[in-house]
Amino acid sequence: MDTAATPHSNYLTDGYSLKSWLLTRDHKRIGLLYLFSVTAFFLLGAFFAGIIRLELLTPAGDLVSSDIYNRLFTMHGVVMIFFFLIPSIPSVLGNFLVPIMIGAKDLAFPRLNLLSWYLYTFGGLFTLWALVTGGVDTGWTFYTPYSSSFSNSNVALVIVGIFINGFSSILTGLNFIVTIHKMRAPGMTWFRMPLFVWAHYATSLIFVLGTPVIAITLLMVGAERVLHLGIFDPKLGGDPVLFQHLFWFYSHPAVYIMILPAMGVASELVAAFSRKAIFGYEFVAFSSLAIAVFGFLVWGHHMFVSSESVYSAMAFSLLSFLVAIPSAVKVFNWSATMYKGSISFEAPMLYVFGFIGLFMIGGLTGLFLAAIAVDVHVTDTYFVVAHFHYIMVGGAIMMYMGGLHFWWPKIFGKLYNEFWAQVAAVTIFVGFNLTFFPQFIVGYLGMPRRYHAYPPEFQLWNILSTAGATVLAVGYAMPAFYLLHSLFKGKRAPSNPWGAKGLEWETTSPPPTHNFETPPVVTEPPYNYAK
Amino acid sequence: MSGTHSDEPSVLQHHFDNLGQQFEASALGMWVFLVTEVLFFGGLFTAYMVYRMTYPEAFAEASHQLNIVLGGTNTAVLIGSSLTMAMAVYAAQQGDRHKQVLFLVLTMVLGMVFLGVKSVEYSHKFAEGLVPGPNFRFEGDAIHAQLFFSLYFVMTGLHALHMIVGIGIMAVLTVFAWRGRYTSRYHTPVDVSGLYWHFVDIVWIFLFPLLYLIDRHGAVR
Ligand code: HEM
Ligand SMILES: [Cu+2]
């Protein structure tokens with residue numbers, strides 16, 4: 001490494017021992033610790049998905065037994081939701097970027113931040129241990145009374161793992177909220193904050209308002225299994241539907257934990273690659289908050305068929321339609337930003353286009369599901385599976401990948417191979433649609449979710465889907481090669497390779513330990529691309 | 001690492017500009033944490049509310065089994081501890097080391113009295129066969145009374161757990177206060193722990209009427 005070209009020391013050169021990483025309090029290093037763990041869990045979740053798709057290649061349940069199949073899709077869901085999708089953007093990119101973007105030296109509570117990572121990792125390993133010693137077969141939703149009284153799998157252990165991980169989310173959210181309130185650089189007013197930061201602020205609100213509810217709910221399930229309390233057991237006067245209410249009160253907002261940060265990334269990328277200020281900046285900022293608030297009011301749309309009264313179903317249906325408004329505000333404003341912009345089609349922007357397309361399909365089919373009559377027809381079919389994969393995978397992961405590419409030169413100070421990055425982005429988009437679009441059709445035709453065998457007439461769609469999953473896997477594998485390659489052989493990245501606006505581009509790549517050589521003072525509006 | 005400014009004591013962490021900012025951050029952090037606690041207990045309160053409305057008679061009957069004198073005593077004890085905690089915070093702000101230690105110790109003692117009374121109550125319930133499980137004995141609607149006691153033990157148990165954590169925090173604070181770590185310029189940990197302690201008291205202020213007092217006169221139709 002030529003030291004002549006790196007006059008400054010930076011956070012990466014700040015110590016090379018394992019201890020200097022495992023005991024670091026630098027938010028940037030903690031972001032990289034997360035990057036490492038989150039990627040590991042993603043691979044694991046993807047591995048489960050691979051076996052599920054292989055099993056579904058043929059109508060007969062011949063690859064794994066139904067019991068194993070239940071455990072597989074449960075672990076796939078648990079790992080992907082709690083250990084990949086929820087932490088991915090906030091914990092990796094948010095951790096790294098939020099303090100830099102507002103001109104702070106670190107998050108408000110650096111030690112707490114490190115603790116979050118340990119809680120996350122231990123929670124994850126604990127869950128894996130539960131998997132190795134027997135697994136869980138309840139589905140990631142842990143519906144009672146099956147989970148509380150009947151299942152003889154490791155429900156209690158997995159619950160403990162998720163519970164620990166929940167504290168990690170809460171602490172991350174708390175840290176972001178305090179940092180954004182109290183540590184902004186001089187001149188960084190609320191309405192000069194990047195939309196990425198606004199999105200993380202809204203996400204953090206959900207973290208702190210939602211996560212405790214799922215934590216106590218799961219604790220009740222655990223207590224019920226161990227102590228036979230009966231809170232959710234109809235035999236003992238309890239009500240299983242209460243569990244669903246409490247569960248979805250968190251878990252619907254949780255889908256916005258996954259999608260709001262993705263929208264934040266999209267806003268940054270759209271502005272940078274269109275060379276324009278975000279159209280209607282305030283609307284986009286407030287729509288994040290609106291989504292966070294509305295997200296807490298629509299949980300009942302998961303329970304149209306669980307003994308809900310017609311009137312509450314109607315109310316929840318209406319409220320669910322309302323969430324579409326702030327989401328649409330964002331899509332319209334991104335489109336308006338791109339309109340007459342000088343758009344360039346580098347890899348991160350390709351991910352944005354993919355994201356917008358997939359998110360729109362996911363969102364529109366969400367409207368189908370919010371309409372009671374349609375929902376009754378497709379509940380618990382592959383239609384729902386396709387819907388939430390379009391939102392969560394198509395939305396959140398697309399922007400996670402886009403963001404990772406966009407900020408990669410900043411994080412590591414190295415440029416990756418643009419051509420292969422573009423090939424990967426297109427491969428992922430094609431593979432994704434081939435995997436999940438057939439699921440809309442087969443679900444609409446009546447194939448139920450969570451079964452390991454199915455009537456032969458559904459096989460064609462399943463073959464397409466499995467083929468798509470293979471393409472998708474290739475697409476996801478490619479970045480592992482060219483990104484790692486860039487670390488060793490990549491060209492040095494300048495401090496602002498994209499010519500983008502924002503404090504993070506004003507410091508060196510990679511940033512120095514305290515983020516800026518001289519404390520920044522903000523004097524201009526955000527996305528000031530005009531001049 | 002520990003960035004010592006010439007005009008600020010070493011208690012200022014490197015990533016803050018001044019002690020004011022550091023204090024505000026800690027206080028806001030604690031408030032946000034308490035919001036998460038509200039929601040954490042909120043799940044249980046919701047469950048309680050739902051079942052109280054579904055089985056009003058059984059819940060009223062079951063709640064008559066709780067000892068209102070012991071519960072009332074504990075309420076008084078906790079309110080007293082909130083007072084001593086507030087005094088401890090005031091003493092810290094004044095930089096009065098001796099009063100600080102005195103009031104912190106008093107707070108801890110009151111907290112332990114609370115836990116002592118609570119364990120007496122728990123042991124009564126064991127003796128009376130009112131603990132949910134195979135040995136549960138109750139004349140009347142036993143199934144739903146058992147639901148009441150499940151919630152009673154989970155809610156008061158979780159509250160007691162918070163008390164134990166609080167007493168632990170107080171113990172640490174007392175040691176530091178004794179060593180003179182908190183001055184009129186720097187007393188953030190005492191302030192912030194005070195918030196936590198008051199919060200735990202307030203949870204009890206809700207638990208007491210909900211579990212012990214509602215329908216005491218037994219007029220449920
Ligand atoms: C924005 C991000 C969104 C994400 C991440 C998401 C995710 C999910 C997930 C995970 C499920 C499956 C629940 C299960 O396990 O059964 C689901 C179902 C559902 N979603 Fe979404 N969703 C999103 C947006 C929306 C929107 C905008 C609407 C309505 C306007 C909506 C309406 C529904 C409905 C009604 C169901 C229930 C379907 C059923 O159980 O039959 N979703 N969604
Ligand atoms: Cu939902």
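A residue is counted as near a molecule if one of its heavy atoms lies within 4 Å of that molecule. The exercises below apply this idea to a predicted model.

**Exercise 1. Work out which residues of chain A come nearest to ligand 1, and which helices supply its shell.**

Solution. Begin with the residues themselves: there are 19 of them around ligand 1, and those that come nearest are Val255(A), Asp375(A), His387(A), Ile391(A) and Arg449(A). Next, sort the shell by class, which gives 11 nonpolar residues, six polar ones and two charged ones. Then turn to the helices, where H8 (240-274), H11 (347-370) and H13 (382-412) of chain A are each found to supply at least two residues of the shell. Finally, compare the contributions: H13(A) gives the most to the shell around ligand 1, namely five residues.

**Exercise 2. Describe how side chains of chain A meet the polar atoms and the iron atom of ligand 1.**

Solution. Start with the oxygen atoms of the ligand: one lies 2.7 Å from an N or O atom in the side chain of Arg449(A), and an oxygen atom of ligand 1 is also 3.0 Å from an N or O atom in the side chain of Thr379(A). Move on to His387(A), a residue of helix H13 of chain A, which has a polar side-chain atom 3.0 Å from a nitrogen atom of ligand 1. A donor must lie within 2.8 Å of this metal, and the iron atom has a single donor from the protein, the NE2 atom of His387(A), at 2.3 Å.

**Exercise 3. Characterise the interface of chain A and chain B by its contacts, its buried area and its salt bridges.**

Solution. First count the residues, and you find 35 of chain A in contact with 33 of chain B. The area buried between the two chains is about 2800 Å², with 74% of it given by carbon and sulfur atoms. Of the area that chain A buries against chain B, 19% is supplied by Lys182(A), Ile216(A) and Leu229(A), more than any other three residues supply. Now consider the charged pairs: the rule finds two salt bridges across the interface, and Lys105(A) and Asp17(B) meet in a salt bridge with an N to O distance of 3.8 Å. To finish, ask which element of chain A gives the most to the side that touches chain B; H7(A) does, with eight residues.

Notes: Residues numbered from 1 in each chain as written. Chains lettered and ligands numbered in written order. Predicted model: local features only at pLDDT ≥ 70, side-chain atom pairs only at ≥ 80, totals over all residues. Heavy atoms only, no water. Polar contact = N/O pair within 3.5 Å; in protein donor to acceptor, adjacent residues only side chain to side chain. Helix = DSSP H or I, 4+ residues; strand = E, 2+ residues; numbered from the N terminus. Nonpolar A, V, L, I, M, F, W, Y, C, P; charged D, E, K, R; others polar. Donors = N, O, S within 2.8 Å, 3.2 Å for Na, K, Ca; no water. Contact = heavy atoms within 4.5 Å. Buried area = accessible area lost by both parts, 1.4 Å probe. Salt bridge = Lys/Arg side-chain N within 4 Å of Asp/Glu carboxyl O.
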